[in-house]
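Keep the 3D view open as you read.

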Amino acid sequence: MEGSSEDRRRKTVVTVAMAALILVVLAIVGSLVITSCDLSVDVGYEERLRQAQVALDKGEYETAILIYEQAIEERIAEPEAYLGLARVYRMTARIEQALEVLRRGFRYTGSDRISWMLAEIEQMWKDAQAADSKRGAGAPPAADEEPQEEPDEELQEDIPSLTPPLLRMPSAPRSVGPGMMLESKVTLYGTVVDAATGEGLASATLDMRSASSLASSSLASAETDRDGTYSVLLEQGEYWVTVTKDGYLQEDFRVALADSIVEQQEDFVVTSELAVDEIRIVLAWGPSPSDLDAHLTGSLDSGTSVGVDFRNKEAYDAEGNLVADLDLDDTNGEGPETLTLHDPVGSFEYYVQDYTFSGTMSDSHAQVKIYVRGGAPIVVNVPEGIHNEWSVCRIEHGRVSVTNTARD
Ligand SMILES: [Ca+2]
């Protein structure tokens, strides 16, 4: 009986193994087919977006417009090319065309980002009209000014107009009314990122305040989309951006909008609320080196040694309670790389190592934020003279002391 049962078990194992092998082969073949199909489509669209950006960087606006239109034709339901095209029109003060593209884009994609940009530009258009009519009611326009065109009826509508031609030759650039002030506005956009997952965070609120005071009233606000992206139109200058979301620590970020640009990307990393005694440490850096690693080393009062990094992502005490874990290991630049110490009954050191051993840690723009319950994060920027290992802080029974020195 035992023999035949053993045989059956072996047989089952062999059958399962064969089935698994066939599945693996099918999966590999399937993924190759899918990858090759994807490539044939992706290369065209992505490459066009890249070429349009290159043309834009060189100031070749008409070329960029044509390439964006081709990209839209290729993927009518993707928002990027509509947004790019609208930006070109905005940069060249062709507001009517920008509105037309955004309305068309919204109809085909339903994208929130397009909807935001549309709302912003429509508001600017209305403000400009109001300013122009006020000016018109007062003094007559100066002799050297162009007469202001009346906007089309279509532009007054809130509902997008139907059946615009997909391909149209752009009209010549036109001057902007004095009320528009287009060149001084910047679209701030980006993603609010959850430090523990690296994913975009939906329904987070961003409030922009004057850089002079965090207590000042909000000048503008935005809310993140399902994928964590946001967009807001601001005057050039410096701001405090306060990010809030239920279950997350509210945080203020300083943003300086560069001169002579129309858009700027800023991503904000936020962290979920901490339990009692928890300490969370978030590492972020620039694009290079590609892989910095957070390390926590030390020992508990009970004598159990603790070591957490990308190889050992969790550490437990003798009773099996989680002491610390690495929530997120980032390997492709910028972070966040996030580590949480759940039970700080012991003595620890947190340090950062360059996995690539490039020797350029000091040039990495690395920044560590240490979150302790009930206070603003402790921010530590990488100092000069660090090559591959940077000691950031020690934590003794929950008390953080910044070390900020070379370790190698
Ligand atoms: Ca890493």
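A residue counts as buried if 20 or more other C-beta atoms lie within 10 Å of its own, as exposed if 12 or fewer do, and as partly exposed in between; the C-beta atoms are placed from the backbone. By that rule, buried residues make up 31% of the 408 residues in the protein. This is a predicted model: local features need pLDDT of at least 70, side-chain atom pairs count only at pLDDT 80 or more, and totals for chains, interfaces and linings use all residues. Residues are numbered from 1 along each chain as its sequence is written.

The protein has 6 helices and 19 strands. These are DSSP runs, numbered from the N terminus: helices are H or I with at least four residues, strands are E with at least two.

Now the interior. A nonpolar core is a set of buried Ala, Val, Leu, Ile, Met, Phe, Trp, Tyr and Cys residues joined through C-beta atoms within 7 Å. The largest has 56 residues, and Ile-281 and Leu-283 have the most contacts inside it. This core draws at least three residues from each of domain 2 (182-270) and domain 3 (279-406). The domain bounds come from an automatic or database domain assignment. Apart from this core lies another, of 27 residues, including Tyr-89 and Met-124.

Contact means that two C-beta atoms, placed from the backbone, lie within 7 Å. Leaving out residues up to four places away in sequence, Ile-281 touches Ala-294, Leu-339, Tyr-350, Val-368 and Ile-370.

Two strands pair if DSSP finds at least two bridges between them. Strands β16 (residues 367-372) and β17 (residues 378-381) pair in the antiparallel sense over 4 bridges. Val-368 stands opposite Val-380 in β17. The two strands form a hairpin with 5 residues between them, and Gly-374 in the turn has a positive phi of about 90°.

Tyr-89, from the other core, sits in helix α3 and is buried there. Why is α3 largely enclosed by the rest of the structure? Because 11 of its 12 residues are buried. After α3 comes Ala-93, with a positive phi near 60°.

Finally, look at an open sheet. Its 4 strands run in the order β3-β2-β5-β6, with antiparallel pairing. β3 (220-223) and β6 (251-256) stand at the edges with a single partner strand each, so one side of each is left without a neighbour in the sheet. Between β2 (residues 205-210) and β3 there are 4 bridges. Met-208 has Ala-220 in β3 as its bridge partner.
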